[in-house]
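Subject: Structure handover

Hello,

Here is the structure for you to take over. Please open it first, then read my notes alongside.

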Amino acid sequence: MASVNISALNSALGGYARQNKVDIFSKILTESTSQYFTPVTGAIDQLPLAKLVTGSILKPYTSGGGFSATNNALTFGARVLNARRISADVEIVPLDLYNSWLGQLAGAPPTSPFDIPFEQFIMDAISRQAIADVETGVWNGLWAADGTDATDIMDGIEQLVSAAVTSGEIPGSNITSYAAITSSNALDQMKLIKSVIAPQYRNKPMYAFVSISTYDKYMDDYQATVGPIVYNKEYNQMFIEGTQTQIVGIPGLVGVNRIIVTPKENLVFGYDIEGGSSNIITQEYNRTIKVMMDFRAGVQFRDGGVIWTMANPA
């Protein structure tokens with residue numbers, strides 16, 4: 001019968017975590033965010049995201065030279081990214097995991113992905129769930145200091161956009177009327193969003209973020225209305241026709257009935273994985289091992305003027 005020396009395993013697990021802390025946190029925090037966000041490391045509390053706003057400055061030349069400044073041509077503003085403290089407390093029963101690990105190793109070839117040390121097997125399992133939880137918070141979170149799950153760890157993009165629609169920080173000219181997206185109107189809703197995108201951004205690479213449900217409804221409506229989905233054959237991507245805006249289904253936007261269009265450089269993901277607020281601690285406790293993880297992370301957008309979306313529901 002398999003047995004586990006818990007004290008030895010705790011020592012090995014702690015050593016592995018200390019040696020690989022940066023790599024573990026990097027995987028957890030960037031696997032689901034790096035493609036769509038500009039990363040900022042070292043975010044330990046509040047991170048101002050400075051924005052230089054320019055108005056129109058060109059005008060006809062004035063005979064005789066002279067200088068006549070354009071009013072409010074350059075103004076500064078800043079949104080603040082809050083890098084919240086986030087923790088994970090996991091109590092593991094080593095013998096249960098050990099039997100699972102042995103079962104995956106049994107009969108596996110030497111190059112099997114399961115042919116790894118037991119302590120790595122444990123941290124990989126914890127990391128996989130943490131990656132999914134980070135994605136939930138990044139896109140659909142609503143920060144609550146006394147919260148207990150992944151939706152409470154930070155204000156996600158949906159919450160930030162909803163608040164900016166209400167406050168007017170996203171201009172009314174960037175917003176379409178609210179409608180529940182279905183398999184019979186998803187294409188029309190995407191066309192409405194396209195109609196309010198500023199002309200100078202039509203041919204710039206951007207993303208249209210939607211829930212997986214909305215993504216599927218759009219494909220169904222497109223196929224029923226137009227025909228086969230038009231893909232970029234090389235990368236298997238789908239775009240809003242007539243633009244360089246890629247439509248992306250985001251698992252973390254589950255339950256969200258909204259289309260959010262913006263360029264990557266407008267979304268910022270701040271985190272701290274090397275400072276004093278980040279740590280991985282293991283602790284032997286009776287027949288179990290406690291794993292405690294702490295770090296900081298948060299998201300924000302720089303400029304509401306380059307977000308195009310749907311109105312909030314009434």
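The protein chain holds 7 helices and 12 strands. Please bear in mind that this is a predicted model. The chain has 314 residues, and 43% of them are buried.

Helix 1

I began with helix 1, residues 6-19. Helix 1 has 14 residues. From first C-alpha to last it reaches 20 Å, close to the 20 Å expected at 1.5 Å a residue.

Which residues of helix 1 are buried? They are I6, L9, N10, L13, G14, Y16 and A17. Seen down the axis of helix 1, these buried residues fall within an arc of 165°, so they line one face of the helix. R18 and Q19 are exposed, and they sit on the face of helix 1 turned away from its buried side.

Helix 1 against helix 4

Helix 4 covers residues 118-140. Its axis and that of helix 1 come within 9 Å. The two axes cross at roughly 60°. The crossing is right-handed.

Helix 1 brings L9, A12, L13 and Y16 to this contact. Helix 4 brings F118, E119, Q120, I122 and M123. By type, the residues of the contact divide into 7 nonpolar, 1 polar and 1 charged. L9, L13 and Y16 of helix 1 are also among its buried residues.

Helix 2

Helix 2 runs over residues 21-30. Its buried residues are K21, I24, F25, I28 and L29. Viewed down the axis of helix 2, they fall within an arc of 115°, so they too line one face of the helix.

What do the buried residues of helix 2 pack against? Their partners are helix 1, helix 4, strand 9 (267-272), strand 10 and strand 11.

N174: buried or exposed? N174 is buried, with a relative accessible area of 6%. Its place is in the loop between helix 5 (157-167) and strand 5 (175-176). Leaving aside residues up to four places away in sequence, N174 touches V196, G304, G305, V306, I307, W308 and T309. Take W308 from that list: N174 and W308 are 134 residues apart in sequence, but 4.8 Å apart in space, C-alpha to C-alpha.

V254 lies in the loop between strand 7 (245-250) and strand 8 (260-262). V254 is exposed, with a relative accessible area of 60%, because the cut-off for exposed is over 50%. Between V254 and S211 there are 5.5 Å in space, C-alpha to C-alpha, and the two are 43 residues apart in sequence.

N286 belongs to the loop between strand 10 (279-285) and strand 11 (288-301). Its phi is near 50°, a positive value in a residue other than glycine. N286 counts as exposed, at 59% relative accessibility.

Where to look

For a quick tour, start with the contact of helix 1 and helix 4, including L13 and I122. Go on to the buried face of helix 2. Then turn to N174 and W308. End at the phi of N286.

Over to you.

Notes: Residues are numbered from 1 along each chain as its sequence is written. This is a predicted model: local features need pLDDT of at least 70, side-chain atom pairs count only at pLDDT 80 or more; totals for chains, interfaces and linings use all residues. Side-chain values use heavy atoms; hydrogens and water are left out. Axes are lines fitted to C-alpha atoms, for helices over the stretch in contact, and angles run from 0 to 180 degrees between N-to-C directions. Helices (H or I, at least four residues) and strands (E, at least two) are DSSP runs, numbered from the N terminus. A crossing is left-handed if the near helix is turned anticlockwise from the far one by less than a right angle, and right-handed if clockwise. Contact means heavy atoms within 4.5 Å. Ala, Val, Leu, Ile, Met, Phe, Trp, Tyr, Cys and Pro count as nonpolar, Asp, Glu, Lys and Arg as charged, and the others, Gly among them, as polar. The expected span of a helix is 1.5 Å times one less than its number of residues. Buried means under 20% relative accessible area, exposed over 50%, partly exposed in between (1.4 Å probe, protein chains only). The arc is that of the directions from the helix axis to the C-beta atoms.
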